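Dear colleague,

I am passing the structure below on to you, and my notes on what was found in it follow directly after.

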Amino acid sequence: MKSIVFFVLLIGSVLSSAACSSAGSDNVEATTTQTATNNEPSNGMMGMGGSMMARHHASIPNEYAGLTNPMPADDASIERGGEIYVTNCASCHGDGGMGDGPAAAGLDPAPAPIAHTSQMLGDDYLYWRVSEGGAMEPFNSTMIAWKTVLDEDDRWDVINYVQALGSGQVMPQQGMGGAAYDPDAEEERQAEMLAEAVAQEVITEEEAVVFAATHGLVDGQMIRNREGASGNMDYRMADALAELVVAGKLTQAQADTFASVHDRLAKAGLMQ
Ligand code: HEC
């Protein structure tokens, strides 16, 4: 982890060498399951649609693709969502939505840190996942299909609550236990993950530097765009990267490196 911090200091000197030379060869296993057109990055600049099995890159079924939350995220909705969350979700996802409830131990895959991931994923993805659960490819998880238990309004309310939890708008309710989202802990976890990826030769040290230095910017852009957003992680990330390039905050090479690193980390199972 120390070496990552050190390399971040060197960022300026290595950015120019960080083009994504290996992205092409990594993408050859693209699947043909990408059907819903609005899952495709609108700008098409990185060509990363549908090539991964990691859950955030799954194609959203047509039935759900493009939906946005019709329930305004007002106090009433968040309060209703909080009650639903405590009763139905906290046992696995934890009070703070970080995937560490008492029932989480031993679950493989582990409950997702939804307070955080819900900031970055589209409404349609979240609603699909809450509705249909995880007993299918590529998830194969114990995530419950809530559409048989919670009506549509309930499902949108609980999504509003989870997003409010992750943005710090509401405090976790004490009940089941589990941590709140902690940016410092997240930073540390990410530095360790990057060091591990370098050790496994999934990415180079230079790429780790670019990723570490740009991750906050990309996350921030995705969070700013969150309201009314749809699409899976690929789609939303590609949009955010394109905007940052247009705004002059990232170079095209940095954006390409970010996307390529993200892709390889997910494929290597190193990313949550
Ligand atoms: C029995 C444990 C369990 C319960 C209860 C549970 N979940 Fe999950 N959930 C999981 C697991 C495990 C995953 C990760 C694997 C997956 O994505 O299917 C998950 C994933 C998710 C995801 C996808 C997040 C992402 O980053 O892809 C969302 C959204 C979600 N849960 C919301 C909820 C909500 C809302 C409730 C309550 C209404 C709930 N879950 C209750 C186990 C659970």
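How far is a nitrogen atom of the ligand from an N or O atom in the side chain of histidine 93? The distance is 2.8 Å, where a polar contact is a pair of N or O atoms within 3.5 Å.

Please keep in mind that this is a predicted model, in which local features need pLDDT of at least 70 and side-chain atom pairs count only at pLDDT 80 or more, while totals for chains, interfaces and linings use all residues. Residues are numbered from 1 along each chain as its sequence is written, and side-chain values use heavy atoms, with hydrogens and water left out.

The iron atom of the ligand is coordinated by His93 through NE2 and by Met143 through SD, at 2.0 to 2.2 Å, with donors taken as N, O and S atoms within 2.8 Å of the metal (3.2 Å for Na, K and Ca). Histidine 93 and methionine 143 lie 50 residues apart, and the pair links distant parts of the chain. Histidine 93 counts as buried because its relative accessibility is 10%, whereas methionine 143, at 25%, counts as partly exposed (buried means under 20% relative accessible area, exposed over 50%, and partly exposed in between, with a 1.4 Å probe and protein chains only).

Best regards

Definitions and conventions
Helix = DSSP H or I, 4+ residues; strand = E, 2+ residues; numbered from the N terminus. Polar contact = N/O pair within 3.5 Å; in protein donor to acceptor, adjacent residues only side chain to side chain.
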